[in-house]
Amino acid sequence: MAQLQEVSVDDLKHLVSNRAIEGETMLLNMGPQHPATHGVLRLLLELDGEIVINCIPDIGFLHTGVEKNMEAKTYQKAEVMTDRLDYMNTVGNNLAYCMAVEKLVDLDVPPRAQALRVILTELQRIASHLVWIGTHALDLAAMSMFMYSFREREQILDILELVSGQRMMTTYIRPGGVWRDVPVEFEGAVRDFIKIFPKRIDEYEALLTKNPFLLDRLLGIGVLTKETALSYGVTGPILRASGVDWDLRKARPYTGYEQYDFIVPVRTEGDNYARYLVRVQEMRESLKIVEQALNNLPMGPVRSDNRKFVPPPRSEIGTSMEALIHHFKLWTEGFDAPKASIYSAVESPRGELGVFLEGDGGPKPYRIHMRTPSFENVGVLPELAKGHLVADLIAIIGSIDFVLGDIDR
Amino acid sequence: MDNKLEIIVEALQKDFGLSFEEFRGEAHVFARPEQIVDVITSLRDVHGFELLSALTAVDYWPGQEPRFHVIYQLTSIAKNLSIQVRVPVAAIRPSVPTVTGVFACADWREREIWDMFGIRFDGHPDLRRILMPADWEGHPLRKDYPLGYEEPQFTFNFEEIDLRKPYAKE
């Protein structure tokens, strides 16, 4: 049996071919500390020369017991943990969690809060795709792209900081609405971004889309068929690049997505290049949604006035006894949710982000399971990697666009 | 509940004799462990649920018998429907037949449930821990597994706590 320098692979014998056991092929450890795995992902590779015969992902290095920790917190306090799952899509995680809580306790959300939720999650989707395009291009040796895409991402993070005070871990979306109304500078900041960003995507595309060096690494590499994708539970841009038109924003509109006019880009090739094109197109569509939502941003409250679940505004606490009681009860005990379970899902930049939430009649979630898209998307990696060069594996990993915090939870 | 979903639930009740609950428009059907592979296969091939969205479990210790529920959340892309199948599992030597033959993504999700709840999946090709270290003892998401914490050290009790802390051996 072949032996890695530090790790015995005896208990992984059944996963590699007989040739590895005879020492004919090479076993190579890629990661957990490897710049191209975008986090602490370990891949055990069985190589015949430079061809990948088997790829065995090893995950869990970033496991922090988020689900167990959330069970010990009230519904409001558990929300801060959702930010830490998929740290490229923090607003989207908050949205998924809050929608699950709202569905469980049957809470309404005012229209202005819904529009703000849409604007921020779509900006976050763009930011997430910008990180993807930067790091993906960096892996494929297009160094400058990283600087350009992070320049634009910085602008989005500034908008998040403007509304919530935090660049990444925002916790801005709360059950029943959002934390507080946006400041007056918000509209101008988003308008600035809408104005410059289409030109910037054109620049990215001028750099990358027809670049022969990039095409060599992307075209026809890592082909994922529709059937394999569905069997592995792959969702999001990867599924859409394999020819399945499935976007929860269109199929099951939530938070008012039915009001906005946008298309869901779908490609049928299923290779790295199709995934690249789908994501680039998605950035343009997200920007369209942001613009429409901003143009039709309704006035009104940003939090539900159901005082049993949503704390009263600060101004009321000074004058109303009842408001003081509600405030006190909500921040000490929390609110009770029924003894029932629901599943609610949103479309994150990586796919279906589902929340399975079960209440037990008390103020803490009895069981919460985050169905994170990266987990399934990495599960399909062994299928994609087989038969490709190690160098192409880097391109495939980049095109899957996973976040380790999302996988390990 | 959606009309199309109602027809599917009725068909399942007829074919497998499953009981059923509804909450906020979601259909939850209950199956026995030995039925689950047939139910999932039938949902995929006959009723068009081509995506296994989520696969997880809940521990009802100590209040409820059977102790565990394994939960299969399926999505139909063509019909735009969702259905949840729940499998109650007893506390002693909990095990459920694997559905890796039906959906490939069940491989990792079943490993996760084994890791977190200690429910075995009969016939699973590679049932190892996935998130916790391989030599971990216990199954963290069980309700009788305590949530760990670190004692805060202050000046007055620094040495007392330091003695109890596990450090790596030289």
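This is a predicted model: local features need pLDDT of at least 70, side-chain atom pairs count only at pLDDT 80 or more; totals for chains, interfaces and linings use all residues.
Q: What makes α3(A) largely enclosed by the rest of the structure?
A: Buried means under 20% relative accessible area, and six of the eight residues of α3(A) are buried, so the helix is largely enclosed.

Q: Why is α3(A) called roughly antiparallel to α4(A)?
A: The axes of α3 (residues 75-82) and α4 (residues 90-105) of chain A cross at roughly 155°, coming within 9 Å. Angles over 145 degrees count as roughly antiparallel, so that's the label this pair gets.

Q: Which residues make the contact of α3(A) with α4(A)?
A: From α3(A) you get Y75(A), A78(A), E79(A) and T82(A), while α4(A) brings N93(A), N94(A), Y97(A), C98(A), V101(A) and L104(A). By class, that's six nonpolar, three polar and one charged.

Q: Why does G334(A) count as buried?
A: The cut-off for buried is under 20%. G334(A) has 11% relative accessibility, so it counts as buried.

Q: Where does G334(A) lie, and what does G334(A) touch?
A: Look in the loop between α14 (321-332) and β8 (341-348) of chain A. Leaving out residues up to four places away in sequence, G334(A) touches Q76(A), K329(A) and P363(A).

How values were computed: Residues are numbered from 1 along each chain as its sequence is written. Chains are lettered from A and ligands numbered from 1 in the order in which they are written. Side-chain values use heavy atoms; hydrogens and water are left out. Axes are lines fitted to C-alpha atoms, for helices over the stretch in contact, and angles run from 0 to 180 degrees between N-to-C directions. Helices (H or I, at least four residues) and strands (E, at least two) are DSSP runs, numbered from the N terminus. Angles under 35 degrees count as roughly parallel, over 145 as roughly antiparallel, 65 to 115 as roughly perpendicular and the rest as oblique. Contact means heavy atoms within 4.5 Å. Ala, Val, Leu, Ile, Met, Phe, Trp, Tyr, Cys and Pro count as nonpolar, Asp, Glu, Lys and Arg as charged, and the others, Gly among them, as polar. Buried means under 20% relative accessible area, exposed over 50%, partly exposed in between (1.4 Å probe, protein chains only).
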